[in-house]
Amino acid sequence: MEIKNVVEKLEKHSEFKVWNEKNKGSYLANVFKMEGANDLDEWQVGYYNENGTVTSFTVGKEDIKILPDQEIFQKEKKAVHELDVNEVKIDLDQALDVAKEFQTTNLKGNDPAKIMVVVQNIADHTLYNITYITITFNTLNMKIDAGTGEMIDHEITPMLQFQGKAS
């Protein structure tokens, strides 16, 4: 299921309509999917609320569930921009192909164990924010323009650098 279809399926659902009536100031902020072995074919769609939280909905093949509101995790406070799904011109498979091509060409050996995909608007730029958790314990983050499929930015970070920071 593609991004527009996921959001459309959610917004037509009765549970969403009831929630939306009570949350008129909320707007679509992101669409998330985890790719990898044993993952469900499930999407999470997040709506930014006026109180600074995000309400997420899981959208599966058969059902839709609302999740409790969550605080936004940000290293530094930034505006949460509204996501316009009409600006998403390439589908998820095309974005994943761009990411795979970049990784295999430039960072051999950093094959993904898990892939996280977030479609969002960052600084008025709609993009696929794709993160590989690699078999070599790195995170490879790639930002791909959702309209053109062009790689905008990438960064690889050793996961071991995060060790000890949580304590």
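Contact here means heavy atoms within 4.5 Å, and the structure shown in every view is a predicted model.

**Figure 1. Surroundings of Ile130 in the nonpolar core.** Apart from residues up to four places away in sequence, Ile130 touches Ala95, Leu96, Ala99, Ile115, Met116, Val117, Leu140, Asn141, Met142 and Ile144. Ile130 is also among the residues with the most contacts inside the largest nonpolar core, together with Val31, Val45, Tyr47 and Tyr128. That core comprises 34 residues. Helix H3 supplies five of them, the largest share.

**Figure 2. Overall architecture of the protein chain.** Three helices and nine strands make up the secondary structure, and their order along the sequence is α-α-β-β-β-β-β-α-β-β-β-β. Of the 167 residues in the chain, 37% are buried. Among contacts with a separation of 6 or more, 46% link residues 24 or more positions apart. The mean pLDDT of the chain is 90, and 89% of the residues score at least 70. By element, the mean pLDDT is lowest in strand S5 (residues 70-71), at 84, and highest in S8, at 97.

**Figure 3. Helix H3 and its two faces.** Helix H3 spans residues 92-106 and contains 15 residues. The distance from its first C-alpha to its last is 21 Å, close to the 21 Å expected at 1.5 Å a residue. Its buried residues are Leu92, Ala95, Leu96, Ala99, Phe102 and Gln103. These residues lie on the same side of H3 because they cover an arc of only 125 degrees around the axis. An α-helix has 3.6 residues a turn, so residues three or four places apart point the same way. The exposed residues Asp97, Lys100 and Glu101 are carried by the face turned away from the buried side of H3.

**Figure 4. Packing and N-terminal start of H3.** At the start of the helix, a side-chain oxygen of Asp91 comes to within 3.2 Å of the backbone nitrogen of Asp93.

Figure 5. Thr134 belongs to strand S7, which covers residues 125-134. Thr134 counts as buried because its relative accessibility is 3%, the limit for buried being under 20%. The side chains of Thr134 and Thr136 are joined by a polar contact of 2.9 Å. Beyond its neighbours within four places in sequence, Thr134 is in contact with Asn110, Asp111, Pro112 and Ala113.

Figure 6. Strand S3 (residues 53-59) includes Thr53. With a relative accessible area of 7%, Thr53 is buried. Its side chain forms a polar contact of 2.6 Å with the side chain of Asn51. When neighbours within four places in sequence are left aside, the contacts of Thr53 are Tyr47, Tyr48, Asp69, Gln70 and Glu71.

**Figure 7. Asn5 in helix H1 and its separation from Val85.** Asn5 is located in helix H1, which runs over residues 3-12. The relative accessible area of Asn5 is 43%, so this residue is partly exposed. Although Asn5 and Val85 are 80 residues apart along the chain, 9.5 Å separates their C-alpha atoms.

Methods. Residues are numbered from 1 along each chain as its sequence is written. Side-chain values use heavy atoms; hydrogens and water are left out. Helices (H or I, at least four residues) and strands (E, at least two) are DSSP runs, numbered from the N terminus. Buried means under 20% relative accessible area, exposed over 50%, partly exposed in between (1.4 Å probe, protein chains only). A polar contact is a pair of N or O atoms within 3.5 Å; within protein, one must be able to donate a hydrogen and the other to accept it, and residues adjacent in sequence count only if both atoms are side-chain atoms. The expected span of a helix is 1.5 Å times one less than its number of residues. The arc is that of the directions from the helix axis to the C-beta atoms. A nonpolar core is a set of buried Ala, Val, Leu, Ile, Met, Phe, Trp, Tyr and Cys residues joined through side-chain atoms within 4.5 Å. pLDDT is the predictor's confidence in each residue, from 0 to 100.
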